[in-house]
Amino acid sequence: MILFILGTVILVQLGSFAVGNYLKERFLEDVVVNYLSTTIRTLRSAVSQIPENRRAEFIIEASQKRWYLLSRTDPYANRRHRGGTLDAPVPSPRPPVPEAAREVERARRAAAQKPPRPPRLTDEPSNDILKIVRRLNIELDDGTRVGLTRGPTPRMFISLQSDDDGTKFIREWLVIPLDRIQPPNMHAITIAWLSLTGLLLILAAGFAWHITRPLTRLTLAADKLAQGRPERVTPAGPNETRQLGERFNAMLDALEESKAVQQTLLAGLPHDLKSPLARMRLRVELTDDVTFKEGMRNDVHEMQDMIDQFISYVRGSDLATYKFKTIDIGHWIEERVASWHNAGSPVHLRAQPATAAYTSADTLSLGRVLDNLISNALKHGRPPVEVSLTVADDKAVISVADHGDGIPAERRAEALRAFSRLDSARTMTGSVGLGLSLAETIVNAHNGRLRLDSSDSGGLLVTVTLPLVSPSAS
């Protein structure tokens with residue numbers, strides 16, 4: 001989300017910069033050309049009213065010695081025709097320079113060692129000023145010619161005579177030095193734009209972090225809830241995320257209350273059934289019918305198993321009773337499997353790491369997980385049951401596999417729910433469907449993961465992944 005907001009800000013800034021630059025070049029150029037064309041027409045009209053011998057003095061005085069008049073002699077005025085050829089042009093004698101026109105001479109000589117020549121007009125724009133000059137020559141349709149010299153101090157030339165067909169020799173040019181026209185400082189504009197963009201990015205990042213931080217905390221809390229370790233969140237951020245945090249806490253309260261009711265029910269039900277069950281067992285023993293006695297014994301035994309499952313589920317799901325300590329998981333697995341094997345059950349330890357591996361666990365609840373998995377494999381699968389332990393990527397993986405029919409992939413999520421009994425995949429043997437659900441709850445409390453899969457023999461493969469710790473961890 002942060003990257004999306006930052007990317008949007010950057011795109012908006014780039015778009016604004018591009019649109020602004022286009023509008024500047026498009027409309028500002030139109031305004032400047034219209035203004036200059038009007039000014040040039042007015043200036044030509046005003047200068048034409050001044051006598052020719054006073055124009056230079058008038059231009060200097062009117063421009064406060066910033067502009068001057070360039071007058072040139074017609075190079076063809078004194079040529080003579082000799083045998084079809086033209087003699088070299090003979091320059092006309094220069095008239096005495098009036099006192100008022102001395103300023104013109106000094107300005108011209110100060111501008112360059114050689115008198116400035118009228119520029120060659122070109123339609124090829126090389127910069128913004130040449131663009132304007134080109135458009136001025138198009139806009140001024142009365143024969144006015146506008147030129148521009150290049151160099152460190154460019155000068156603009158405006159003809160004071162019309163040149164409608166482009167062949168007339170122009171004798172008088174109004175020269176306007178452009179040394180006061182400075183190009184815009186694009187570096188300063190670019191730095192200012194980048195600074196503004198950076199400020200907007202910082203503000204956008206802060207705003208996005210203000211929004212996403214509560215959502216990130218809520219995501220972590222939801223993950224912990226899925227692992228069986230609910231944790232409340234502190235409502236923060238905008239009003240919407242604050243309300244979401246409050247609703248999440250209310251949901252946790254409702255789940256906690258529901259869980260408390262469930263545990264109370266599960267804990268009270270076995271206790272209430274103990275007395276009737278004991279009376280039934282006594283009456284069974286007092287009867288003389290052997291067939292009836294044997295059937296009732298099996299029913300009572302099955303009921304006792306159900307009660308024991310309820311009690312185990314209530315005790316195993318109470319995380320407050322867990323006492324974690326560091327254990328050698330390889331040695332612990334070997335002892336648990338040996339106890340089943342020594343009791344005559346077809347349970348075998350197939351693989352074990354060569355070196356010691358340690359994990360933090362509550363041995364009582366973790367032993368209940370392994371016993372439930374082995375017991376389910378013996379009841380609902382087919383022997384032998386194979387247990388193995390492998391270590392990889394700082395994880396200890398306990399595997400329990402049987403040789404039965406397994407559980408279809410589409411029903412494995414259902415098998416992990418409490419009170420779920422897969423009659424089509426398992427036989428009815430008095431199970432209430434709490435074994436796998438209890439095992440997953442305990443594994444989640446150990447920051448591990450329980451997964452159902454298929455073994456190489458086609459039976460059910462249950463893997464329990466637990467994080468490893470250092471031997472010194474307490």
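Here are my entries, one topic at a time.

**Entry 1: the whole chain.** I began by noting that this is a predicted model. I counted eleven helices and 13 strands in the chain. Next I looked up burial: of the 474 residues, 33% count as buried. I also checked contacts with a separation of 6 or more, and 62% of them are between residues 24 or more positions apart.

**Entry 2: helix α2.** I asked myself which residues of α2 are buried. In this helix, which covers residues 55-62, they are Arg55, Ala56, Ile59 and Ile60. These residues sit on the same side of α2, because they cover an arc of only 130° around the axis. I then turned to the face pointing away from that buried side and found the exposed residues Glu61 and Ala62 there.

**Entry 3: two residues with positive phi.** I followed the chain past α2 and came to Gln64. Its phi is near 55°, a positive value in a residue other than glycine. I placed Gln64 in the loop between α2 and β1 (68-71). Is Gln64 buried or exposed? Its relative accessibility is 60%, so Gln64 counts as exposed, the cut-off being over 50%.

I found another case at Asn447, which is not a glycine and has a positive phi of about 60°. Asn447 lies in the loop between α11 (435-445) and β12 (449-454). With a relative accessible area of 45%, Asn447 is partly exposed.

**Entry 4: aromatic rings.** I looked for aromatic pairs and the count came to two. One I followed up is Phe157 with Trp173: their ring centres are 6.2 Å apart and their planes stand at 75°, so the pair is edge-to-face. Phe157 belongs to strand β5 (residues 155-159) and Trp173 to strand β6 (residues 172-177), so the pair ties together parts that are 16 residues apart in sequence. I checked burial here too, and both Phe157 and Trp173 are buried.

**Entry 5: α8 against α9.** How do these two helices pack? I found an angle of about 45° between α8 (residues 329-342) and α9 (residues 363-380), with their axes 11 Å apart. That angle makes α8 oblique to α9. Their crossing is right-handed. I wrote down some of the residues making the contact, including Trp332, Ile333 and Trp340 of α8 and Leu366, Leu370 and Ile374 of α9.

**Entry 6: a cis bond.** My last stop was the peptide bond from Pro383 to Pro384, which is cis, with omega near 0°. I placed Pro384 in the loop between α9 and β10 (385-392).

Note on methods. Residues numbered from 1 in each chain as written. Predicted model: local features only at pLDDT ≥ 70, side-chain atom pairs only at ≥ 80, totals over all residues. Heavy atoms only, no water. Buried < 20%, exposed > 50% of the residue type's maximum accessible area, 1.4 Å probe, protein only. Helix = DSSP H or I, 4+ residues; strand = E, 2+ residues; numbered from the N terminus. Arc of directions from axis to C-beta. Phe/Tyr/Trp six-rings, centres within 6.5 Å; stacked < 30°, edge-to-face > 60°. Axes fitted to C-alpha atoms, helices over the stretch in contact; angles between N-to-C directions. Parallel < 35°, antiparallel > 145°, perpendicular 65-115°, else oblique. Left-handed = near helix turned anticlockwise from the far one by under 90°. Contact = heavy atoms within 4.5 Å.
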